[in-house]
Amino acid sequence: MTSDSLPKTDPTRWRLHTSAIGVHTWTYLPATALPTSRPQTFAEKYFLGLASPSTSLPPPHTYSSAARNGLLFYSQLQLESGHWSSSYAGPSFTLPGLVVALYITDGAIPAEWAIDMTQWVCRYQNDDGGWGLHIPGRSTLFATVLYYVSLRILGIDEGHAVTVRARGWIRGMGGAVAVPQWGRYWLALLNLYEWEGVQPVPSELWTLPTWIPIHPWRWWVQCRSVYLPVSYLYSNRCQIPLNDFLLALRRELYTQPYDSINFNEYIHTVSPVDRKRPLNLFLTVVNHVLRTWEWYIRPLWLHSHANAVVRALIRREDENTAYNDIATVNKAFHTVAVHFADGANNSAVKLHWEKVLPYLWRDEVGLNAGGTNGAQLWDTAFSVIAIVEAGLGEDAQFNSVLEKAHKFLEVSQFRDDVDDPFRQARKGGWPFSTRDQSYIVSDCAAEGLKATLMLQEELGFSKLISKQRLYDCVDTLLKMQNPDHGFGSYEKARVGTYIELLNPAEVFDRCMVEYSYPECTTAVITGLAMFRKYYPSHAGKKIDEVIQSATGYLKSNQWQDGSWYGSWGICFTYGTMFALEGLAATGLTYATSEEVRRACHFLVEKQKDDGGWGEHWESCERREYVEHEESQVVNTAWAVLGLMAARFPDRAVIARGLEIIRRRQQPNGEWLQEAVSGIFNCTCTIEYPNYKFHFSIRALGRFEHEYVPAMNTIARE
């Protein structure tokens, strides 16, 4: 949907500020300050879609020179604290959560935020008037209701063309009564849905002994972090008072008078366009039992005790994360829970308001909210690895780039564990985004370890990160292996898959358990293998055992067609690249491993006529390879990286893919954004704009710097 008719801010007045630890905040300058303010940087202009002076580079005649041209452009996007950053948008429930939370808690929504948030939301309205669970998705009631309410809060009139079309779509679906649970939470808080129609989220669960298998501390952290504040809000039936605006929304969202709706009848009714998981009988029975418990049995003293326990856990999470919380969704719910628990003027609410801005990103479309407060460490570690693998690490022109990245790696590493018995040990590890977000992620820690080793051991950079700190990282990673010998994301698995029977989120699959993933497992294998090369005396036997068993996990999780399912990127191309990297780190190649040969044949079979690879995001949801109509630079880079790691013998196959990447490169070294490349929970895509840079540079440079010499050596043997 075009947003040209809506108000716009002046993009030349936006500035991006980053702290020493990589926290980014976009601010809008007053018009009077513009003449005396610093000029916009190249990176700011790029992010905002403004024209920047751009030099046409010499045409690359080799893949290595194309990689160098790519880095010449990409290095200009490195920010002053040494990291790379970008938009991390996509899910339709992140921005609305923050908007609604600010409305409920009387937090300020500056005019420039409202204007640019509106621009962003309207830009991605589907032709039918709705919005999808994520940007490229088909319209869903969940997304459309949340965005509709958000637009009204942001100041769009009910008679505007955007809201008229959206309201028509909502009413065509029977109104908001069948919105999924995560949408009901927000509507109920706004007094636009009755809590009787929401599936129970009892706070008493948090008072159970921790040895009980269903205790929430055993759930996947991204899941339990949402249901912690929601359990407080649900159990106390928190709602803001009605006003004329909310009464108008009641009329707009439903096809019958609000007071005539029996919301309890809809407790298990969800719009078919939203439901990704079938309703199971077990959950239905559990919900009725819990409803009976809370209506007729639960003693008041236990309710009060549960409130105190949950409020203490919320406080602990807030303080451990500097009020960032783990991600956008639970951050928004925490803000509201603190408001209802402690009062509107409590200092904790104000601290939450201050940490909204790091979640917001201004791009060429408008102001969006990321899935977390960024992907700073993730992109920076990958960028360092790409530079080194491409053979550009010893190029003097990029020395300062690597020095700044090295300093960012140093300040981002965790030096201690947090005071929280429910949290995974993190000492020595790295986060996905920033240190103050406070959560270790296994693959981020492993990629951070590899990037550090490449800088300090391979390139001879100063030992900013001491040997003991590297030991700490390895010791922590060794504790994160799951019983199936793979590695999950944030922590070691604590519960079996049976807990998915209690998953109330109809829009997400596989979100209750800390599953093992080929991507995370490979990151740890390759990180440990590289560490073992330089520090063979530390935990050598344990590292050998973990690498061997993790390799067994990779082999056992290969699909029949030779691929691996990728859970964090799209999809089989992504998972297969990582698995091949992991197997290669243990010496398994095309010449020595049947698993590797099968994987290579899978990738070769998917190569398109133009030489590239293109996989559609629906592969993740359908759990089968779905071809994109066009080759994608990022998919192509993943495929050729996997083939090179496997020492696939047909160089021509790889070269055809590299030609696509080189041909798509712009004269200034840039690559343009193509289809989305990230995914989570099997159903929701998310942006990784920097993938088109560092994976492309890595693929182009690795061919001549590492793959060809290795193949020549093999040929001579």
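**Loops, domains and salt bridges in a predicted model**

Cysteine 682 sits in the loop that runs between strand 7 (678-680) and strand 8 (684-686); helices (H or I, at least four residues) and strands (E, at least two) are DSSP runs, numbered from the N terminus. The model is a predicted one, in which local features need pLDDT of at least 70, side-chain atom pairs count only at pLDDT 80 or more, and totals for chains, interfaces and linings use all residues. Residues are numbered from 1 along each chain as its sequence is written, and side-chain values use heavy atoms, with hydrogens and water left out.

Back at cysteine 682, phi is near 70 degrees, a positive value in a residue other than glycine. Cysteine 682 is also buried, at a relative accessible area of 10% (buried is under 20%, exposed over 50%, partly exposed in between; 1.4 Å probe, protein chains only). Arginine 647 likewise has a positive phi, near 60 degrees, and is found in the loop between helix 23 (633-645) and helix 24 (651-664).

On to the domains. An automatic or database domain assignment sets the bounds, giving domain 1 (3-59), domain 2 (60-82 + 558-716), domain 3 (93-369) and domain 4 (415-551). The C-alpha centres of domain 3 and domain 4 are 32 Å apart. Between them, 40 residues of domain 3 touch 31 residues of domain 4, contact being heavy atoms within 4.5 Å. About 3,200 Å² is buried there, 60% of it from carbon and sulfur atoms; buried area is the accessible area (1.4 Å probe) that two parts lose on being put together, summed over both. On the domain 3 side, Trp220, Arg277 and Asn320 lose the most area to domain 4, together 21% of what that side buries. Four salt bridges are counted between the two domains, a salt bridge being a side-chain nitrogen of Lys or Arg within 4 Å of a carboxyl oxygen of Asp or Glu.

By that rule, the count comes to 32 salt bridges. One of them pairs glutamate 204 with arginine 298, with the closest N and O atoms 3.2 Å apart. Glutamate 204 lies in the loop between helix 7 (181-189) and helix 8 (221-235), and arginine 298 in the loop between helix 10 and helix 11 (300-320), so this pair ties together parts 94 residues apart in sequence. Glutamate 204 is buried, with a relative accessible area of 6%. Arginine 702 and glutamate 389 also form a salt bridge, at 2.7 Å from N to O. Since arginine 702 is in helix 25 (residues 691-716) and glutamate 389 in helix 14 (residues 376-389), the pair ties together parts 313 residues apart in sequence. Both ends are buried: arginine 702 at 4% relative accessibility and glutamate 389 at 18%.
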